[in-house]
Amino acid sequence: MTEAAELPPAPEQAREVFGERFADAVRYAELLAEAGVQRGLIGPREVPRLWERHLLNCAVLSEVVPQGVTVCDVGSGAGLPGIPLALVREDLKITLLEPLLRRTTFLTEVVELLGLDHVTVVRGRAEEVMGKIQPVHVVTARAVAPLDRLATWGIPLLRPYGEMLALKGDAAEEELKSASTALSKLGAVETSILHVGEGVVDPMSTVVRVEVGESPGGVRFAAKRAKAARTGRTRRRR
């Protein structure tokens, strides 16, 4: 049996990024390295690079998230990027959206253990929760799906003039080009590639930003959104 990889000490940058929540960030890293590996939420080979590749890589997303907005982390998995973002930004109201029970169980445990009162865990697929959760200002995602497919799930959850922020790798520019037609149909009005985390992570984290107009999801989701709104009003009247 292979011996479990050991979690390295937190780098100095983590103290600066997480500030008062540094101890909670360490606890989260420990949970990922222990229960996260045992439950198959992350691979054991990721443990030695948990800080740089995962926690800090996600926490620096906060640089481009506006103040005091609502956020939905689509396909949150083990809580990346949602939980690191929540640790550094208590001004945000964050929903961790994840369809798999074993993952939502882990996420709920982490949220309760770390006292993240501004975070809610919802079990479900993005296409199933439209109308059940309030539209948000920002959708986040990391390693969920290619951009065109991710946009189909994430953009319809946005409020008018909201934005999707997707953490991507070296192929971000290529993905954005190939998804341009799909994004236009979904109501995207502007796209850009951002690099965040200078002096914290090397290489810096790459973020694809997709901004929408007054109709997130475009024509394709307009009828679905209207139906969901009607259903929601009917439920509230009962």
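I looked up Ala143 and found it exposed (over 50% relative accessible area, with under 20% counted as buried and partly exposed in between, for a 1.4 Å probe and protein chains only), at a relative accessible area of 73%. This is a predicted model, in which local features need pLDDT of at least 70, side-chain atom pairs count only at pLDDT 80 or more, and totals for chains, interfaces and linings use all residues. Residues are numbered from 1 along each chain as its sequence is written, and side-chain values use heavy atoms, with hydrogens and water left out.

Ala143 sits in the loop between strand S4 and helix H7 (147–154); helices (H or I, at least four residues) and strands (E, at least two) are DSSP runs, numbered from the N terminus. Its phi is near 55°, a positive value in a residue other than glycine. I noted Tyr161 for its positive phi too, near 65°. Tyr161 lies in strand S5 and is exposed, with a relative accessible area of 60%.

**Cis peptide bonds**

I found a cis peptide bond between Leu80 and Pro81, with omega about 10°. Pro81 is in the loop between strand S1 (70–74) and H4. Another cis bond joins Asp202 and Pro203, with omega about 5°; Pro203 is in the loop between strand S6 (188–196) and S7. For background, most residues other than glycine have a negative phi, and most peptide bonds are trans.

**Helix H3**

I checked burial along H3 (residues 50–59): eight of its 10 residues are buried, so the helix is largely enclosed by the rest of the structure. Among the buried ones are Trp51, His54, Leu55 and Asn57. I then looked up what covers them; the list includes helix H1 (12–18), helix H2 (22–38), helix H4 (82–88) and strands S4 (136–142), S5 (158–168) and S7 (205–212).

**Nonpolar cores**

A nonpolar core here is a set of buried Ala, Val, Leu, Ile, Met, Phe, Trp, Tyr and Cys residues joined through side-chain atoms within 4.5 Å. In the largest, of 49 residues, I found that Phe18, Tyr28 and Phe106 touch the most other members. Elements that each supply at least two residues of this core include strand S2 (93–98) and helix H5 (101–114). H2 gives the largest share, eight residues.

I listed the contacts (heavy atoms within 4.5 Å) of Tyr28, leaving aside neighbours within four places in sequence; among them are Leu55, Leu80, Ile83, Phe106 and Leu114. I also found a second, separate core of 30 residues, which includes Val74, Val129, Val136 and Ile155.
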